[in-house]
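Biologist: I'd like to learn how to read a model like this one, feature by feature. Could we put it on screen and start with the rings?

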Amino acid sequence: MSYSVRGEEPVVVEALRVRALPEGSYDRLLEFLRLYRDGVQMVVDRIWSINDKLSKKKLHKLFYSSLVSTGFRAHHAKEIYIYAKSLVDSAKSNGGRKPALRKLSARIDKYDYKLDLDNMTLTLKLHNGYEAKLRLRTLRERVEKYRGWSNYELVVKYDRSGFWVSIYFRRTIKPLKPRTVMAIDLNFDNVTLAIFTPTGRLIRLKRFKTSQRKILTHRIWIERIQRRYSRSWRFIKGVKKAIDRHGERIKNISWGYAHKLGDLVAELALRYCSIVVLEDLEKLRDNKKRSKKFNKELTLWFYRRIQFCIEYEARERNLEVAKVNPRGTSSKCPRCGKKLAENKHRVLKCRKCSFIGDRDVTATLNLYRKYMSKYSRCGVPGVALNAPKPNENPSGMRGKEMRR
Ligand SMILES: [Zn+2]
């Protein structure tokens, strides 16, 4: 899955990769794939030594007619020289050698295939007017999802296991106009989510326990086993198997958790029509709040997974997602910006302005503030939120002026 922004409308692209069984003989299809590969190779060979910039127009002029005269359709030809060019470009930028193609794979434009989702069949237009019909081998539910999306390109591959196709689907999201802001703070023990109105009033607060401890228990088992068999664990079958089993459990627990949470969070966000504000984990490097004594890598990996699911589920519901730098969000006073001190267990206090707040709630408040100051003042399209004035305090807090 990937998101890209074209103009102002975000686009979601997903590939559906499935086995495909040819109906009847597939000699022509194989022939096509070989011709295609040779076509790409021919273009690669010819442009490898050309150091000038090659525009699409130039490529067209150089190769179109010869490819078409081999029996390719117009869009086959286009796909071939563009693909060849991208191979050459990437080989050159990596300082590699001239690509030599072996695998049988072809990129096919949407004008050269017909996809029938009702009957789960795919008809490919091949060279010299031939056609090949393939049956898609997958569960109907997997395909159902893409009804209403537009498909634009696909890749057919042939290997020892048979034919595979990856069909690319695209959907434009029309984001809902957010009415509230949902800030989400991830922590070792729990996920805290808070929904704020544009004026900064907290209208919903929810905490979910994470499954981090369970995950960590399995991780500790793995480490214990590895320590005990420090030299040999890789080679003893039973030991390796035990480690794999714990690894498998970690994967299952975390995916299961992340999916469920993503769904719950997105449902709630939909109900309140929120824009979802997450911590930008890429900027987490110098944040010390996380896992001093715990497994840092594992924690971060788990956070990423949770965020991925929240983001995915939110976008599925046409909700917007924004990320803000989490720096300082769990250690600074949301009112005056001073460093907070621990008051009681999980409660923080500001010595300067006497703000008191639960650690996780404080973090969501800071995320909300950061989002508001970063985005709403420069006017994100479609976001009808009012930025708080520089000297205005959010969430009805009274006290000294905000310092920036
Ligand atoms: Zn303060």
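**Reading the rings, the core and the metal site**

Modeller: The count of aromatic pairs comes to 13, where rings of Phe, Tyr and Trp (its six-membered ring) pair if their centres lie within 6.5 Å, with planes under 30 degrees apart called stacked, over 60 edge-to-face and the rest tilted. One of them is F32 with F72, an edge-to-face pair at 6.1 Å centre to centre and 70° between the planes.

Biologist: Where do F32 and F72 sit in the chain?

Modeller: Helices and strands here are DSSP runs (H or I, at least four residues, for helices; E, at least two, for strands), numbered from the N terminus. F32 is in helix 1 (residues 27–47), while F72 is in the loop between helix 2 (56–69) and helix 3 (74–93), so the pair links parts of the chain 40 residues apart.

Biologist: Before we go on, what sort of model is this?

Modeller: It's a predicted model, so local features need pLDDT of at least 70 and side-chain atom pairs count only at pLDDT 80 or more, whereas totals for chains, interfaces and linings use all residues. Residues are numbered from 1 along each chain as its sequence is written, and side-chain values use heavy atoms, with hydrogens and water left out.

Biologist: Back to that pair: are F32 and F72 buried or exposed?

Modeller: Buried means under 20% relative accessible area, exposed over 50%, and partly exposed in between, using a 1.4 Å probe and protein chains only. F32 counts as buried because its relative accessibility is 0%, and F72 is buried too, at 5%. A tilted case is Y257 with F302, at 5.7 Å centre to centre and 40° between the planes. Y257 belongs to helix 6 (residues 237–271) and F302 to helix 7 (residues 296–316), 45 residues apart; Y257 and F302 are buried as well. Ring pairs also join Y26, Y158 and F163 into a cluster.

Biologist: Which residues does F72 touch?

Modeller: A contact is heavy atoms within 4.5 Å. Setting aside residues up to four places away in sequence, F72 touches F32, L35, Y36, L67, A77 and I80. Its C-alpha atom is 9.5 Å from that of G39, 33 residues apart along the chain.

Biologist: And which charges sit over ring faces?

Modeller: The rule wants NZ of Lys or CZ of Arg within 6 Å of the ring centre and within 35 degrees of the ring normal. R19 lies over the face of W164, 5.5 Å from the ring centre, and K92 does likewise over W48, at 5.1 Å.

Biologist: What coordinates the zinc ion?

Modeller: Donors are N, O and S atoms within 2.8 Å of the metal (3.2 Å for Na, K and Ca), and water is not among the atoms, so sites may look incomplete. Here the SG atoms of C333, C336, C350 and C353 coordinate the zinc ion at 2.2 to 2.3 Å. Along the chain the donors are spaced C-x2-C-x13-C-x2-C, and C333 and C336 are buried.

Biologist: Why is the arrangement called tetrahedral?

Modeller: Because the four donor atoms subtend angles of 100 to 118° around the zinc ion. The test for four donors is that all angles lie between 85 and 135 degrees; four count as square planar and six as octahedral if opposite donors are over 155 degrees apart and all others between 65 and 115, and anything else is irregular.

Biologist: How do strand 14 and strand 15 run?

Modeller: Two strands pair if DSSP finds at least two bridges between them. Strand 14 (residues 341–344) and strand 15 (residues 347–349) run antiparallel, joined by three bridges, and K344 has V347 as its bridge partner. The two strands form a hairpin with two residues between them, and R346 in the turn has a positive phi of about 65°.

Biologist: Which residues does T364 contact?

Modeller: Beyond neighbours within four places in sequence, T364 contacts A183, D185, T192, A194 and F196. T364 is in helix 8 (residues 359–376), and counts as buried because its relative accessibility is 0%. Y272, in the loop between helix 6 and strand 12 (274–279), is partly exposed at 23%.

Biologist: And the chain overall: how many helices and strands are there?

Modeller: Eight helices and 16 strands. Buried residues make up 46% of the 404 residues.
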